[in-house]
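Open the structure in your viewer and follow the stops below in order. Each stop says what to select and what is there.

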Amino acid sequence: MSYKFYGWERATVPAKNDIYKGINSPQELYDALLNVWCEYTCAPRLREEWSEENITLGQCSITAFLVQDIFGGDVYGILRPGGNYHCYNVVGDSVFDLTSEQFGDEVLDYTDNPIQTREIHFAKEEKKQRYEYLKEYLKKYLEK
């Protein structure tokens, strides 16, 4: 099976814990998140553009920190026009971005980007709430 997210073929890192039963690879997490991402988990500034056809839109930081919870590694950010960072994950030698599809054919540069921290991102209460919602909804989805 193939995926459309950046780095999917090299995203071969195992889960470092069993917080989310059944999630043993980034691909399995992606498959589950396709059923969890929603308008509410999308960044508020992008909600009007969010759709099921562009399900990864506005989901990057909360998804990247969730990936870090499960697989470890670091979260990095690509500076975007307008001053926001697009977040992705680096675990060992694997660089992958579960939400890259939102950019269509645009090629992002995944080299030499700064580390992103929870302290900075979750200083925005709405983002922390979306992250908590994503975690809880994922657990509920996996219990089905």
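Select β2 and β3 to begin: they form a hairpin with two residues between them. In the turn, Gly 92 has a positive phi of about 60°. The model is a predicted one. Strand β3 covers residues 94–96, and three bridges join β3 to β2, the two running antiparallel.

Keep β2, residues 85–91, on screen. Is this strand mostly covered or uncovered? β2 is mostly covered, with six of its seven residues buried.

The hairpin of β1 and β2 has five residues between the strands. Select Gly 82 in this hairpin: Gly 82 takes a positive phi near 100°.

Now move to the helices. Select α2, residues 60–71, and α4, residues 125–143. Their axes come within 9 Å and cross at roughly 55°, which makes α2 oblique to α4. The crossing of α2 and α4 is right-handed.

Which residues of α2 and α4 meet? On the α2 side, show Ser 61, Ile 62, Thr 63, Phe 65, Leu 66 and Asp 69. On the α4 side, they meet Lys 127, Arg 130, Tyr 131, Leu 134, Lys 135 and Leu 138. Colour this contact by residue type: six of its residues are nonpolar, two are polar and four are charged.

Conventions. Residues are numbered from 1 along each chain as its sequence is written. This is a predicted model: local features need pLDDT of at least 70, side-chain atom pairs count only at pLDDT 80 or more; totals for chains, interfaces and linings use all residues. Side-chain values use heavy atoms; hydrogens and water are left out. Axes are lines fitted to C-alpha atoms, for helices over the stretch in contact, and angles run from 0 to 180 degrees between N-to-C directions. Helices (H or I, at least four residues) and strands (E, at least two) are DSSP runs, numbered from the N terminus. Angles under 35 degrees count as roughly parallel, over 145 as roughly antiparallel, 65 to 115 as roughly perpendicular and the rest as oblique. A crossing is left-handed if the near helix is turned anticlockwise from the far one by less than a right angle, and right-handed if clockwise. Contact means heavy atoms within 4.5 Å. Ala, Val, Leu, Ile, Met, Phe, Trp, Tyr, Cys and Pro count as nonpolar, Asp, Glu, Lys and Arg as charged, and the others, Gly among them, as polar. Buried means under 20% relative accessible area, exposed over 50%, partly exposed in between (1.4 Å probe, protein chains only). Two strands pair if DSSP finds at least two bridges between them.
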